[in-house]
Amino acid sequence: MRLSVVILCVMYSTANAQWIGSSLPKKIVASDRYLFYQHGGVVTVLGDMALNQSAPEWGPYEFNHILDSLRKRGFVVISEVRREGVDDSIYAVKIVHQIDTLLHNAVKPGNILVIGASAGWNITLMVSSRLKNESVHYVMMGGCWPETYKEYLSLDLYGHLLSVVESSDPHGTCERVMFSHKTLKSKREIVLTTGLSHGFIYKGYKEWIDPVMDWYLDPDK
């Protein structure tokens with residue numbers, strides 16, 4: 001029997017308004033930066049610190065540690081453990097509503113970042129397609145199997161889009177997803193060489209966080 005574990009994110013409050021929660025904070029500060037993180041599939045089944053039995057060499061998926069690493073970069077982090085059997089579109093619609101709330105409270109779209117890792121990458125694309133905002137930032141990590149890109153060619157994608165790929169990960173490049181969409185304001189793919197295969201998404205490694213943050217600050221470079 002597989003055990004589903006629901007992990008409640010820990011809230012933090014600092015002088016820099018860094019914060020972690022499963023929903024938007026009650027007080028929305030227009031000058032804050034907001035990050036929505038969509039985790040990999042193993043967390044849906046087993047929760048925080050889940051171990052992929054088919055690839056134990058990747059170690060546990062350090063969900064809450066990843067959120068804390070992103071918080072320390074100066075973000076209000078919004079993330080929740082997705083439930084088995086719930087369609088991804090439900091989560092995409094929820095995030096779109098949350099982002100709309102931020103925009104209606106004077107948060108600049110450039111202060112919003114959506115990250116989807118592995119099974120969470122398609123939610124990122126759904127949000128981009130539904131929101132239709134040119135200035136929101138989106139990151140997909142370790143998501144593109146060689147043939148899955150075909151499922152997303154009909155989506156009109158908007159905003160700044162970054163793909164993070166690990167050279168040893170069989171999921172491969174996302175170029176055919178990105179470069180078929182002329183509605184994107186900017187698009188870029190970064191190839192890492194950590195040798196960690198798909199396990200590069202399992203921890204808050206600086207090897208992916210640093211280039212994501214550099215790109216976020218200047219997506220057109």
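This report walks through the sheet, the cores, one histidine and the disulfide of a predicted model.

## Ground rules

The model is predicted, so local features need pLDDT of at least 70 and side-chain atom pairs count only at pLDDT 80 or more, while totals for chains, interfaces and linings use all residues. Residues are numbered from 1 along each chain as its sequence is written, and side-chain values use heavy atoms, with hydrogens and water left out.

## The sheet

Let's start with the strands. Seven of them make an open sheet in the order β1-β5-β2-β6-β7-β8-β9, with parallel pairing. Here, helices (H or I, at least four residues) and strands (E, at least two) are DSSP runs, numbered from the N terminus, and two strands pair if DSSP finds at least two bridges between them. The edges belong to β1 (19-21) and β9 (186-192), each of which pairs on one side only. On average, neighbouring strands are turned by 15° against each other, direction ignored. Helix α3 (residues 88-104) packs on this sheet and touches β2, β5 and β6, with its direction at about 180° to that of β2. For such angles, axes are lines fitted to C-alpha atoms, for helices over the stretch in contact, and the values run from 0 to 180 degrees between N-to-C directions.

Strand β2 (residues 33-38) deserves a look of its own. Five of its six residues are buried, where buried means under 20% relative accessible area, exposed over 50%, and partly exposed in between (1.4 Å probe, protein chains only). It pairs in the parallel sense with β5 (residues 75-78) over four bridges, and five bridges join β2 to β6 (residues 112-117), again running parallel. Tyrosine 34 stands opposite valine 76 in β5 and also opposite isoleucine 112 in β6. Phenylalanine 36, for its part, faces valine 114 in β6.

## Two nonpolar cores

A nonpolar core is a set of buried Ala, Val, Leu, Ile, Met, Phe, Trp, Tyr and Cys residues joined through side-chain atoms within 4.5 Å. The largest one has 34 residues, and Tyr37, Tyr61, Leu70 and Trp208 have the most contacts inside it. Helix α6 (residues 206-217) supplies the largest share of this core, six residues. A second, separate core of 33 residues includes Ile78, Val96, Leu102 and Leu184.

What does tryptophan 208 touch, leaving aside its neighbours within four places in sequence? The list is Ile66, Leu70, Met141, Val164, Leu192, Phe200 and Lys203, with contact meaning heavy atoms within 4.5 Å.

## Histidine 160

Histidine 160 is found in strand β8 (residues 160-166). It counts as buried because its relative accessibility is 5%. Its side chain makes a polar contact with the side chain of serine 186 at 2.6 Å. That term covers a pair of N or O atoms within 3.5 Å; within protein, one must be able to donate a hydrogen and the other to accept it, and residues adjacent in sequence count only if both atoms are side-chain atoms. Beyond four places in sequence, the contacts of histidine 160 include Glu134, His137, Tyr138, Lys185, Trp215 and Asp220.

## The disulfide

There's one disulfide in the structure, defined as a pair of cysteine sulfur atoms within 2.5 Å. Cysteine 144 and cysteine 174 form it, with their sulfur atoms 2.0 Å apart. The link is right-handed, with 115° about the S-S bond. Cysteine 144 lies in the loop between β7 (137-141) and β8, and cysteine 174 in the loop between β8 and α5 (175-178), so the pair ties together parts that are 30 residues apart in sequence. Cysteine 144 is buried at 1% relative accessible area, and cysteine 174 is buried at 2%.
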